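Please look over the chain shown here before reading on.

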Amino acid sequence: MHKYLMQLTFGAVTFLLLQSCQFKNDAIVRAKDYELPLEQQAQLTVNDKQNMAFWDAKLTENPNQFPYLAKLATAHDRVFAKTSNIEALFTAADFWKQANEKTNYQTASYLRAAAKNAITRHEFKTAYDLLKLAEQNGEKLQATQLMLFDASLELGLYDQAFSYLEKTKDFTDVDYLIRLAKWEDTQGNLNATIMHMKGILKIAKANKNNALRLWTVTNLGDYYGHAGDIKKSYDSFIDALTIDPQNKYAKKGIAYIAYANDKNASEALRIMKTITKNNMQPDDLLFMAELAEYSGDSAQKEVYLKDFSNLLTIKNYGALYNIPQAVLWLEQGEFKKAIALLQHEVSRRATPETYGALAAGYLASGDIKQAYSIIKEHVQGKTFEPSLLLIEGQILNALQTEEARVKEIKKELSSALYELGPLAKIDIDALHTQ
């Protein structure tokens, strides 16, 4: 299961390579840089546990006190942010729902908090509807409109997203700059995106805001990778570990560099096994399956994919992994099930990403004409994402049409190999051009 298909999982605003740029694959990763924090994993503090117990007791004593619902929801959201405990995320969602019901959906701060939770669960339409109610309320309108930008972008409502961006324009506001960077990313302006992110980092350092600094450097780690500056990407992830040695995202970023740039899958797998001892997530298993495939260990790949499926069965992840689940079904020949799930994703959020995944489904099932129709109408010319360009190239290649376009795609993808992952080289090379 290739990473470039997994990239379709996480919504419209994935941070992907947007410009043609070569990267040097000189070895960058050095274990001594991250060995000490590698074993450190995020854990709940005594204060975290006491806080939840306190508000749980207060709610039990006074079940009609809706502020206690909000306190509990916030506590569980924090647990998820710290540990990725999926049960905490859905528990928080339930508490936010109760809090909004108790207040007749009239408290804008509760509506925004519930919408943030919904976005994390990839329930973008739910988030959008909650935010529209908050917009009508009018309290802290700019905060609501900034989040409406997020939800609109994830739903593929790009004109509306830009409208909200214009309404909230304030170059002194970090929250606006974050959205501006995100917008530039979707428009293919990677240099502008990095410029804005560096500006945010400067503000974070000046204000000694370590939470914002951590968020910024981890995202810059991604952006520099997409720009082909792998050393800066690596340095950003190492910097993140100096702020928070427990940060799993930065460690996964380092593991990916070890794999995609250094071609050191064994070190990447060592990192992954270490950081997932007590915190295994479905996307971890997908990455480890890719590492096993790259290493030629097909048996271990299947073990990881089986563990992925089992984890989705055991726990409720909602819509978070619909696309990789569908991709796995495609690989297993379960075309009808896969396409039905991909069609469902399109109905939830009609973006180039979801349409591209659906087109890939039809291609895998042998319905090339349907795949081509979807790509032409909903994907071609609407995205800079390499994974979608590859799907487009594969469909055009299968139809033996638009050779000039296939040639153009192949050229673009040749400089996106770091982003797509080493396994994609086979598929890129298979695009026949004259």
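**Confidence and packing in a predicted model**

The chain averages a pLDDT of 92, and 94% of the residues score at least 70, pLDDT being the predictor's confidence in each residue, from 0 to 100. This is a predicted model, in which local features need pLDDT of at least 70 and side-chain atom pairs count only at pLDDT 80 or more, whereas totals for chains, interfaces and linings use all residues. Residues are numbered from 1 along each chain as its sequence is written, and side-chain values use heavy atoms, with hydrogens and water left out.

Two stretches call for caution. Over residues 1-5 pLDDT stays under 50, and the model has 27 contacts beyond four places in sequence for them, a contact meaning heavy atoms within 4.5 Å. Over residues 9-24 pLDDT also stays under 50, with 67 contacts beyond four places in sequence. Where pLDDT is low, the predicted coordinates should not be read in detail.

Next come the helices, which are DSSP runs (H or I, at least four residues) numbered from the N terminus. Two packed helices are described by the angle between their axes and the distance between the axes; the axes are lines fitted to C-alpha atoms, for helices over the stretch in contact, and the angles run from 0 to 180 degrees between N-to-C directions. Helix H10 (residues 174-186) and helix H11 (residues 190-206) cross at roughly 160 degrees, their axes coming within 8 Å, and H10 and H11 are therefore roughly antiparallel to each other, a term for angles over 145 degrees. On the H10 side the contact is made by Val174, Leu177, Ile178, Leu180, Ala181, Glu184 and Asp185, and on the H11 side by Ala192, Thr193, His196, Met197, Ile200 and Ile203. By class, this contact of H10 with H11 has nine nonpolar, two polar and two charged residues, where Ala, Val, Leu, Ile, Met, Phe, Trp, Tyr, Cys and Pro count as nonpolar, Asp, Glu, Lys and Arg as charged, and the others, Gly among them, as polar.

Helix H20 (residues 352-365) and helix H21 (residues 368-378) pack at an angle of about 165 degrees with their axes 7 Å apart, and H20 and H21 are therefore roughly antiparallel as well. Among the residues making the contact are Tyr355 and Leu358 of H20 and Ile374 and Ile375 of H21. The contact of H20 with H21 has ten nonpolar, two polar and no charged residues.

Helix H15 (residues 265-275) is mostly covered, eight of its eleven residues being buried, which means under 20% relative accessible area (1.4 Å probe, protein chains only). The buried residues of H15 include Glu267, Leu269, Met272 and Ile275. What covers the buried residues of H15 includes helix H2 (31-38), helix H14 (248-260), helix H16 (282-294) and helix H17 (298-314).

Two single residues complete the picture. Asn316 lies in the loop between H17 and helix H18 (322-331). Leaving aside neighbours within four places in sequence, Asn316 is in contact with Ile86 and Phe90; the C-alpha atoms of Asn316 and Phe90 are separated by 8.4 Å, although these residues are 226 residues apart along the chain. Ser236, in helix H13 (residues 230-243), is buried, with a relative accessible area of 10%. Beyond its neighbours within four places in sequence, Ser236 is in contact with Val217, Leu220, Gly221 and Tyr224.

Note on methods
Helices (H or I, at least four residues) and strands (E, at least two) are DSSP runs, numbered from the N terminus. Buried means under 20% relative accessible area, exposed over 50%, partly exposed in between (1.4 Å probe, protein chains only). Angles under 35 degrees count as roughly parallel, over 145 as roughly antiparallel, 65 to 115 as roughly perpendicular and the rest as oblique.
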